[in-house]
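Please study the sequence and the three-dimensional structure shown below. The briefing that follows is arranged by topic.

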Amino acid sequence: MSASPVPAVTLVDYGVGNTASVIRAFRRLGAEVDFTADLDRVASARRVVLPGVAAFQPAMNRLLETGLESAVRAAVKRGARLLGLCLGFQLLFEESEEHGVNRGLGLVPGRVRAFPAVVRTPHVGWNQLLARRTDGLMKGIADGSWVYFVHSFRPEGVDPADVAAACDHGGEFAAIVQRGNVWGCQFHPEKSSENGRLLLSNFLEEDAP
């Protein structure tokens, strides 16, 4: 009986955020992680992860300047599974209002905006997922499960069909999106204990070309 193939993940290196913990989380699940800024390797990958912990505009500018935006788009067009984490999740949308209006990747309809002034910001700590789907990233994750957030902006105007889970902080917002082969989560799965481990495992197990 042959051994199961080792799942491969291509983590986009565009100089934004703490990636070491994400790499460790995938490796603990047995994944082979290629942390790279090489355009051809990103464009030809089967599973692409877009991480990020920083401001929206410099991150998007970095993707554009390096050519990684086109490489990510090429991978998605081929049918590769894309997972955006935290800032990488926000970059999936059409635009952000962080420090002025800035264009995003536009892979998921919606706009990233600040929390209302009356809400404690940033939204830091554990909060619950409000399940909207039971497949994909949410497979096996129960409604009301706790995950760890750190962010000051959140998406608005997201098509309900694209929302796999929401969260309530000054009103509901999309915490996990799934639109075709483009997925993302606003929280940090690598800091979210067993629920985060299960989400990343679901990403690895999902069939990709």
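Helices (H or I, at least four residues) and strands (E, at least two) are DSSP runs, numbered from the N terminus. The structure is a predicted model, in which local features need pLDDT of at least 70, side-chain atom pairs count only at pLDDT 80 or more, and totals for chains, interfaces and linings use all residues. Residues are numbered from 1 along each chain as its sequence is written, and side-chain values use heavy atoms, with hydrogens and water left out.

**Histidine 123 and asparagine 127**

- Histidine 123 lies in strand S8, and asparagine 127 is placed in strand S8 (residues 123-128).
- Buried means under 20% relative accessible area, exposed over 50%, and partly exposed in between (1.4 Å probe, protein chains only).
- Histidine 123 counts as buried because its relative accessibility is 2%; asparagine 127 counts as buried at 14%.
- The side chains of histidine 123 and asparagine 127 are joined by a polar contact of 3.1 Å. A polar contact is a pair of N or O atoms within 3.5 Å; within protein, one must be able to donate a hydrogen and the other to accept it, and residues adjacent in sequence count only if both atoms are side-chain atoms.
- The side chain of asparagine 127 also reaches the backbone oxygen of aspartate 168, at 3.1 Å.
- Contact means heavy atoms within 4.5 Å. Leaving aside residues up to four places away in sequence, histidine 123 touches Phe115, Phe149, Val150, His151, Cys167, His169 and Phe173.
- With residues up to four places away in sequence again not counted, asparagine 127 touches Ser145, Trp146, Val147, Phe149, Cys167, Asp168 and His169.
- Histidine 123 and proline 7 are separated by 116 residues in sequence and by 33 Å in space, C-alpha to C-alpha.

**Aromatic rings**

- Rings of Phe, Tyr and Trp (its six-membered ring) pair if their centres lie within 6.5 Å; planes under 30 degrees apart count as stacked, over 60 as edge-to-face and the rest as tilted.
- By this rule there are six aromatic pairs.
- In one of them, the ring centres of phenylalanine 89 and phenylalanine 93 are 5.2 Å apart and the planes stand at 80 degrees, so the pair is edge-to-face. Phenylalanine 89 and phenylalanine 93 are both buried.
- The rings of phenylalanine 149 and phenylalanine 173 have centres 6.0 Å apart and planes at 80 degrees, so this pair is edge-to-face.
- That pair links distant parts of the chain, with phenylalanine 149 in strand S10 (residues 146-151) and phenylalanine 173 in strand S13, 24 residues apart. Phenylalanine 149 and phenylalanine 173 are both buried.
- Ring pairs link Phe115, Phe149, Phe173 and Phe187 into a cluster.

**A four-stranded sheet**

- Two strands pair if DSSP finds at least two bridges between them.
- An open sheet of four strands has the order S6-S5-S7-S11, and its pairing is mixed.
- Strand S6 (102-103) and strand S11 (153-156) stand at the edges; each has a single partner strand, so one side of each is left without a neighbour in the sheet.
- Strand S5 (residues 93-96) pairs with S7 in the parallel sense over three bridges, and glutamate 95 stands opposite arginine 111 in S7.
- S5 and S6 run antiparallel and are joined by two bridges; the bridge partner of glutamate 95 in S6 is arginine 103.
- S5 and S6 form a hairpin with five residues between them, and histidine 99 in the turn has a positive phi of about 55 degrees.
- Strand S7 (residues 108-114) and S11 run antiparallel, joined by four bridges. In S11, glutamate 156 is the bridge partner of arginine 111.

**Helix H6**

- The expected span of a helix is 1.5 Å times one less than its number of residues. Helix H6 (residues 193-205) has 13 residues and should span 18 Å, which agrees with the 18 Å between its end C-alpha atoms.
- The buried residues of H6 are Gly196, Leu199, Leu200, Ser201, Asn202, Phe203 and Leu204.
- These buried residues pack against several elements, including helix H1 (20-28), strand S4 (81-85) and strand S14 (182-185).

**Cysteines**

- A disulfide is a pair of cysteine sulfur atoms within 2.5 Å; by this rule the count is zero.
- The closest cysteine sulfur to that of cysteine 86 belongs to cysteine 185, at 8.5 Å, too far for a bond.
- Cysteine 86 is buried, with a relative accessible area of 6%, and cysteine 185 counts as buried at 0% relative accessibility.
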